[in-house]
Amino acid sequence: MKPTDVRNPEYYHKVVDCQYACPAHTPVPEYIRLIAAEKYTEAYMINWESNVFPGILGRTCDRPCEPACRRVRVEEEPVAICRLKRVAADQKGEVRQLMPQAPFPKNGKKVALIGGGPASLTVARDLAPLGYEIHLFDEQIAGGGMMRSQIPSFRLPEKVLNEEVDYILDMGIHTQFLTYVSSLREVLAKEYDAVFVGTGAPRGKDLPKLPGRQEGAASIHIGIEWLASVAFEHTKSISKKVIVLGGGNTAMDCCRTARRLGGKSVKVVVRSPFAEMKASPWEKEDAMHEDIEIFDNHVPVSFELKDGVLVGMKFQKVRAVYDEKGKRQLLPTGEPDVFIEADEVLIAIGQQNSFPWIERDLGLDFDEWDMPVVDRKTFQSTHPQVFFGGDAAFGPENVITAVAHGHQAAVSIHLFCQGKNLMDRPDPFTNLVSQKMGIHEWSYDSQIAADHRYLVPQAKKSVTLKDRKQEVELGFEVQTAQKETQRCLNCDVQTVFTEDRCIECDACMDVCPTSCITFTVNEDESQLRKNLLVPAENLTQGLLVSETLKTGRVMVKDEDVCLHCGLCAERCPTSAWDMQRYFYSVTKAYQMPAPFPALKK
Amino acid sequence: MSYLKPLFSHPKLPKNKLGYTLKEYEGSLSTLCAGCGHDSISAAIVRACFELSIEPHLVAKISGIGCSSKTPTYFLGNSHGFNSVHGRMPSVATGANMANRDLVYFGVSGDGDSASIGMGQFVHVIRRNLNMVYVVMNNGCYGLTKGQDSATADQGSKNKSGSINPFQAIDLASMAIELGASFVAQSFSGDKQQLIPLLKAAIKHPGFAFLNVISPCVTFNNNPGSTKSYDYVREHIDATSAKDLVPGKNEIKIKYEAGMSTQVEMHDGSEIQLNKLALDWDPEDRNSAVNALQKARAKDEILTGLLYANTDWNDLHRTLKTTKTPLNQLKENELCPGIKVLNQVNASFR
């Protein structure tokens, strides 16, 4: 196997599992260390720079980082990354002065943002400091998009949402709320230099053909529409018996909101097995904690009406069968259909994109699924001036993905407005610094805490079920947060190996608590993986392979379960191993080299 | 500096026949200098005991004084240990072994502990063929007192302060063979491939097994001009054989070319299979072993591997015809068989 090229910024980035898994590549261990050092403001700013909405995401993020956390591979639970982010947001000091300060000198370019959700707001934040004149259009009364209309207040208090939306809008963004854009042609006619579409996936899926759907329409609601109507206070109550169809996070938000608006018997009914429901495990737990029953393996058959009034629904019981390829099929079990009583039904079975306002003769291509053709790297559509991001680009995802899209779309728009090649994208910012403070001293906490994950306290159910706006999760107390930070393995503190210093004493191999290091004869990768002290079977994790050493062997380190405890470097007599902190940051538009020299006159 | 090992281990760490992983055989985190050869030997002992599926509570580690004698803290943390007086490890090991023959005895010593202050004890434990593994972690210097030349430092070797050793070295391996040790091997801390099978064979050997392991002192004796540095040893090493311990007779043996392979049989049915590298050498012939050592020395080479083995000699228990039951398991009726037996014994002296 060839020696590992650690000069490729992606090698060490991949070792930082949480950061690598995060769509926006937020430097997670870096901000967790700052929280441990009680530098909450700095921790917040690291987040804000990367994911724009730390307070919001610290409560509502889908947390792709947590299943990726290395801790899962050596014990059971990941570090509570998301909830630590919230601690940074809750405990921070004054942050406004640390953000780019409006007003910004104008560069003469105008950008329209359609939709006021996380993707558009990210583009706004990244472009405003560069002097772009930004016009943001949204049909709602305020910015935030689905974060405002779909995420209930008991998960995301309005205050937190407003604060982080306002940080951006206060950068001199021209907002036009309560404005539904009905024609892209009209927008393009207004001489914008670029248009960004961040309109989300605004249409909730329905069950139009299910018997009784038309007749019972008054008692049947589309989940996201109903949630929006609750958020904007058009809907203030619901009947006692409620069925929620669907197994995603929207279904969980629907059922929990229904409990707060008067639903006594709220049941979630889902086609798939419980374990395969799309909702995050913690969302399911929270729902069940609020006395919501979940019926899995039930396929809706009909809405049942009596005297023209909805009385419940019929379901067919199924079981999941998998073929060799793991593809699932739901087969009827043959048991009689189940009737479940209900006065109202909320349909939360998924969302779709919808672009009725985009004319199809503008040169903006749509594919066979009626989705715009968008470049995965540049987020440019086939109309060079029009960019997409968030759920509008490739279908429903999540907030953090929308933010990541926004950053890249902003870079593209900035390049586009300068007439540059969109594929010529800025490299990430990287920095590798030794953490050595003395012979055996490191500037990070190298000890490995064996603590299990700490629980986030919740408000009492008797309180939360009475008040829709009472936040359920109370956030970590500072002392608990401090303990939780110690569970982080500091995966960004890299084990850097320097071949020509190694005397092959094997001390590192002997001391490594997780048997990651092997000195052996070089082979091709598949053979080498087998030859290690413990075979490296996790193929998603890289091998750090050295140049050939004096005795003809190579050093091979399996990155899989390295604890970054620094013992290899402590036991190394020649400092051939060193612990070096790797900082990786995706370059945002406003961090790119100074643009528009001509306009600076 | 870290004083504690993380509790986590590799989730796929292999298990031995007892269901234990290597972790169960490890000790505390070493406080020796980073890169010390002794730590490698500790790691080799851990692996040898793991691979032989020895129950950790059936091992006793006994040591004297010195860097080497600190190491029992760093391996086999679940075994018995006795850190004794300087150079007196053999006496304590003899006493322990006499009291309980069921344990595996690891005597850990250094070049100072064995070749200087403990020489008298070293000589006599060999004479008695006590069933134990006697490991000398030999770094040719007194590492604990800042690296003065020890009795095993080679003549002409340069120490870290630049002075040349004017005295002849004591060759512990030759001496052990000469004194009648029944198993003598030599190895290098930086070569676990060789060291681990040797340790396993030594554990299996029914008698006194002596291992002289060259173990560089990274702090005081790893300088150019030293004959016990990593670089020097690697350049001058000459192995007698490539070897493997085959635990049972029925197991598949590695096939070597005719005339190149030889076996040393152990009493429990296992055998050491050797791929001979030195053709005129026979591990069961003392003369050829001594000759091989002398020839290697004349060529400035360090002969490593199994040098000599004799499994026929009686160990101390057999010589003294001691009871097979450990003393702590003897009941009152066995220890005090009554007036009738006493009278018989007394009568035998009349």
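**Conventions.** I number residues from 1 along each chain as its sequence is written, with chains lettered from A and ligands numbered from 1 in the order in which they are written. As the model is predicted, local features need pLDDT of at least 70 and side-chain atom pairs count only at pLDDT 80 or more, while totals for chains, interfaces and linings use all residues.

**Chain B.** I looked up the elements of chain B and found twelve helices and 13 strands. Helices (H or I, at least four residues) and strands (E, at least two) are DSSP runs, numbered from the N terminus. Of its 350 residues, 50% count as buried. A residue is buried if 20 or more other C-beta atoms lie within 10 Å of its own, exposed if 12 or fewer, and partly exposed in between, with C-beta atoms placed from the backbone. I then took the contacts in chain B between residues at least 6 apart in sequence, and 70% of these join residues at least 24 apart. Two residues are in contact if their C-beta atoms, placed from the backbone, lie within 7 Å.

**A record for chain B.** UniProt, in an unreviewed entry, places "domain: Thiamine pyrophosphate enzyme TPP-binding" at residues 65-213 of chain B. UniProt positions are given in the numbering used here, feature names are shortened, and annotations may be inferred rather than shown by experiment. I find the end C-alpha atoms of this span 17 Å apart, and the span is 34% helix and 23% strand.

**Where the chains meet.** The contact takes 23 residues from chain B and 29 residues from chain A. On the chain B side, H1 gives the most, with four residues.

**Cores.** I looked for nonpolar cores, that is, sets of buried Ala, Val, Leu, Ile, Met, Phe, Trp, Tyr and Cys residues joined through C-beta atoms within 7 Å. The largest has 213 residues, and A:Leu127 and B:Leu211 are among those with the most contacts inside it. Helix H17 (residues 399-417) of chain A supplies the largest share of this core, twelve residues. A second, separate core has 36 residues, including A:Trp226 and A:Val345.

**A:Arg529.** This residue lies in helix H21 (residues 525-531) of chain A. Why is A:Arg529 counted as partly exposed? It is because A:Arg529 has 18 C-beta neighbours inside 10 Å. Leaving out residues up to four places away in sequence, A:Arg529 touches A:Pro535, A:Ala536 and A:Leu543. A:Leu539 is ten residues from A:Arg529 in sequence and 9.0 Å away in space, C-alpha to C-alpha.
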